[in-house]
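This briefing covers selected features of the structure shown here. The points are grouped by topic.

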Amino acid sequence: MKVQVKHQESKTGSSSLRDFIGTLGADQKGLFVSTGGYTGPAKEEVKRTDRRVTLIDRDRFIELLLTHYEEIEPEYTNLIPLKQVYVPTEEP
């Protein structure tokens, strides 16, 4: 598996995805993470390829982090210390 991460505010375009896809061997999977999201043409580029590429944007990354946080090794959770907070709600 090959992974590329872009920490940027702007959306990742199709040329960046094409370049990444070009590095993948026939039997490799690709994971492309972009905090800025993806342009429509970039998403289409992934659909057109015969390579297996997964796109993750900032919101999906945060969702995955929160879902699997307890399973992550302490050396990594120490980099992003989170604490669960309970908020009481009123019953209707």
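Leucine 79 lies in the segment that follows helix H4 (74-77). The model is predicted, and in it leucine 79 counts as exposed because its relative accessible area is 67%, where exposed means over 50%. Leucine 79 is one of the residues of a nonpolar surface patch.

**Nonpolar surface patch**

- The patch covers about 690 Å² and is made by Phe61, Ile62, Leu66, Tyr76, Leu79, Ile80 and Leu82.
- Helix H3 (residues 58-68) is the element that gives the most to the patch, with three residues.

**Nonpolar core**

- In soluble globular proteins, nonpolar side chains tend to be buried together.
- The largest nonpolar core here consists of nine residues: Leu17, Phe20, Ile21, Leu24, Phe32, Tyr38, Ala42, Val46 and Val53.
- Two or more residues of this core come from each of helix H1 (14-22) and helix H2 (40-48), and H1 gives the most, with three residues.
- Beyond its neighbours within four places in sequence, phenylalanine 20 touches Lys2, Val3, Gln4, Gly30, Leu31, Phe32 and Val53.

**Serine 34**

- Serine 34 belongs to strand S2 (residues 29-34) and is buried, because its relative accessibility is 0% and the cut-off is under 20%.
- A polar atom of the serine 34 side chain lies 3.1 Å from the backbone oxygen of glycine 37.
- Apart from neighbours within four places in sequence, the contacts of serine 34 are Lys6, Gln8, Thr12, Ile56, Asp57 and Arg58.

**Salt bridges**

- Side chains of opposite charge can pair when their charged atoms come close.
- There are six salt bridges in the structure.
- Glutamate 45 and arginine 48 form one of them, with an N to O distance of 2.8 Å.
- These two residues, glutamate 45 and arginine 48, are three residues apart in helix H2, so about one helical turn separates them.
- Glutamate 45 is buried at 12% relative accessibility, whereas arginine 48 is exposed at 58%.
- Arg18 is linked with Glu45 and Arg48 in a network of salt bridges.
- The side chains of glutamate 63 and arginine 60 pair at 2.6 Å, N to O; both residues are in helix H3, three residues apart, or about one turn of the helix.
- Glutamate 63 is partly exposed, with 43% relative accessible area, and arginine 60 is partly exposed, with 38%.
- Aspartate 59 and arginine 58 form a salt bridge at 3.4 Å, N to O, and arginine 58 is partly exposed at 46% relative accessibility.

Terms used. Residues are numbered from 1 along each chain as its sequence is written. This is a predicted model: local features need pLDDT of at least 70, side-chain atom pairs count only at pLDDT 80 or more; totals for chains, interfaces and linings use all residues. Side-chain values use heavy atoms; hydrogens and water are left out. A nonpolar core is a set of buried Ala, Val, Leu, Ile, Met, Phe, Trp, Tyr and Cys residues joined through side-chain atoms within 4.5 Å. Buried means under 20% relative accessible area, exposed over 50%, partly exposed in between (1.4 Å probe, protein chains only). Helices (H or I, at least four residues) and strands (E, at least two) are DSSP runs, numbered from the N terminus. Contact means heavy atoms within 4.5 Å. A polar contact is a pair of N or O atoms within 3.5 Å; within protein, one must be able to donate a hydrogen and the other to accept it, and residues adjacent in sequence count only if both atoms are side-chain atoms. Patches are made of residues with over 30% relative accessible area and no salt bridge: like charges are joined within 9 Å, nonpolar side chains (Val, Leu, Ile, Met, Phe, Trp, Tyr) within 5 Å. Accessible areas come from the Shrake-Rupley method with a 1.4 Å probe; for residues, only the protein chains shown count as cover. A salt bridge is a side-chain nitrogen of Lys or Arg within 4 Å of a carboxyl oxygen of Asp or Glu.
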